[in-house]
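Let's take a walk through this one together, stopping at a few side chains along the way. Have the viewer open and follow along.

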Amino acid sequence: MKSDGEEEQHHPTKVCVHCGKKITKAGYAKRQWKREMPMCRPCAKECYKGCSYQQHQTKICSQCNKKCVMDQFPEKEWESADGMCRLCFEYSKKSNELTRQCQECKLVLPRMQFDIYQWRKGADALCHECRDQSTEKILGSLGSRSTKELSDGILVCERHSLERCDDCMMDFILPNQFARKRKSLGRDLTNDEYEEISKAYMPNISKKICIMDGQPMCPRSGRKLRCPCNEVTYCSKACHVHHWTIHKMTCKVHLEKAKQRAKKAEERKNLAAQLPKHGLTDDQLNSIRIEAFFAENTGAEHSIEECAHQLGEHPLVIGGGSVQMGKDGQKFVKGDVAKIYMEKCGTVWDGSPRFGLGPYVQQKTPFDWIAKARQGKSQQEIEIEDFLRGTSL
């Protein structure tokens with residue numbers, strides 16, 4: 001049995017400043033554990049619930065002059081005397097200017113009359129009122145926002161026939177450059193060629209800010225979205241959806257997935273074209289399926305799979321079927337593969353003979369089922385049919 005000293009060595013503890021209990025390291029947050037007078041997780045949660053002192057500490061940003069809470073500042077900027085809020089820190093540089101002239105109304109206004117995105121434009125900045133009027137004008141002039149493809153594969157906006165249209169908020173310059181390059185070379189572009197054209201077109205666009213409106217993060221959630229290709233960033237889902245019609249033409253991840261889907265479709269098409277052409281009649285196929293069905297059910301394992309492989313059909317065509325007895329003999333009813341997969345697995349059968357099974361592997365002594373079908377009915381089948389005809393009379 002371990003002594004208290006040994007237990008303390010293996011599982012160090014500290015006394016919570018709030019509840020006075022000895023609690024191990026796992027019961028503290030990282031920052032709390034480093035403090036001389038830490039607070040355990042339950043106590044910290046209770047103390048910071050609702051109105052918290054730290055959460056409601058505020059400070060005026062030295063750039064935008066807005067009163068922001070502690071969470072809206074980077075840690076070092078919060079401690080600095082002339083610190084900038086997170087938005088100004090990500091998007092602008094420190095400036096001593098207190099006023100600026102609006103590019104539209106020509107009035108010299110204090111910085112509070114400009115948002116951070118307009119302030120960084122310098123002489124082209126618009127005040128809040130002028131910016132709102134400009135936004136209403138653009139939104140009022142929006143057309144159908146549908147695209148039109150010219151004869152040489154160039155995309156333009158349908159309303160103004162422009163590659164880059166500010167009114168329709170469309171930009172097809174980059175994909176059109178790809179189209180012109182493909183036409184001049186007479187082949188598809190490589191990944192290096194795509195990257196070279198993209199870098200030449202977008203040399204100064206930062207990957208840290210939203211490609212649509214330049215925001216470093218969502219103003220509401222404080223987060224941002226990065227495309228899996230790691231080339232563009234969005235501040236919100238709306239920007240992502242709006243820009244996707246353009247970006248999907250150059251997104252490496254999307255293009256690679258499209259190539260993989262096309263490759264799989266081509267493989268399925270080739271596989272269907274390579275199905276064996278045995279030239280058997282319906283009676284011969286009926287006979288051989290019955291033979292394989294009974295062979296499998298009388299101990300000859302893998303007979304159905306081998307027969308289906310030679311006939312170029314899915315094993316469930318035979319294994320999921322049934323044998324019906326009538327006055328005209330035995331009749332085989334094929335299994336509905338699509339229905340079986342949908343009911344049992346909830347998936348759609350693509351029509352391939354090895355769907356959901358993997359490549360065929362020979363697991364028994366080889367037997368030529370097609371040759372057996374061409375030989376005709378076995379003596380056992382003939383006797384059964386004669387017996388059924390006799391009973392029906």
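This is a predicted model: local features need pLDDT of at least 70, side-chain atom pairs count only at pLDDT 80 or more; totals for chains, interfaces and linings use all residues.

Residues are numbered from 1 along each chain as its sequence is written, and side-chain values use heavy atoms, with hydrogens and water left out.

Start with the backbone. Most residues other than glycine have a negative phi. Lys106 isn't a glycine, yet its phi is positive, at about 65°. You'll find Lys106 in the loop between β5 (99-101) and β6 (108-110); helices (H or I, at least four residues) and strands (E, at least two) are DSSP runs, numbered from the N terminus. His302 is another non-glycine residue with a positive phi, near 70°. His302 sits in the loop between α12 (282-297) and α13 (303-311). With a relative accessible area of 26%, His302 is partly exposed; buried means under 20%, exposed over 50%, and partly exposed in between (1.4 Å probe, protein chains only).

Now for the rings. How many aromatic pairs does the structure hold? There are six, where rings of Phe, Tyr and Trp (its six-membered ring) pair if their centres lie within 6.5 Å, and planes under 30 degrees apart count as stacked, over 60 as edge-to-face and the rest as tilted. One of them is Phe293 with Phe294, edge-to-face with 6.0 Å centre to centre and 80° between the planes. Phe293 is buried at 16% relative accessibility, whereas Phe294 is partly exposed at 35%. Phe367 and Trp369 are also edge-to-face, because their planes are at 70°, with the centres 4.8 Å apart. Here Phe367 is partly exposed at 37%, and Trp369 is buried at 5%.

Two lysines also make use of ring faces. The charged end of Lys14 sits over the ring of Trp33, 4.8 Å from its centre (NZ of Lys or CZ of Arg must be within 6 Å of the ring centre and within 35 degrees of the ring normal). Likewise, Lys59 lies over the face of Trp78, 5.6 Å from the ring centre.

Last stop: His314, in the loop between α13 and α14 (315-319). Is His314 buried or exposed? His314 is buried, with a relative accessible area of 2%. Its side chain makes a polar contact of 3.2 Å with that of Tyr341 (a pair of N or O atoms within 3.5 Å; within protein, one must be able to donate a hydrogen and the other to accept it, and residues adjacent in sequence count only if both atoms are side-chain atoms). Beyond its neighbours within four places in sequence, His314 is in contact (heavy atoms within 4.5 Å) with residues including Trp349, Pro353 and Phe355.
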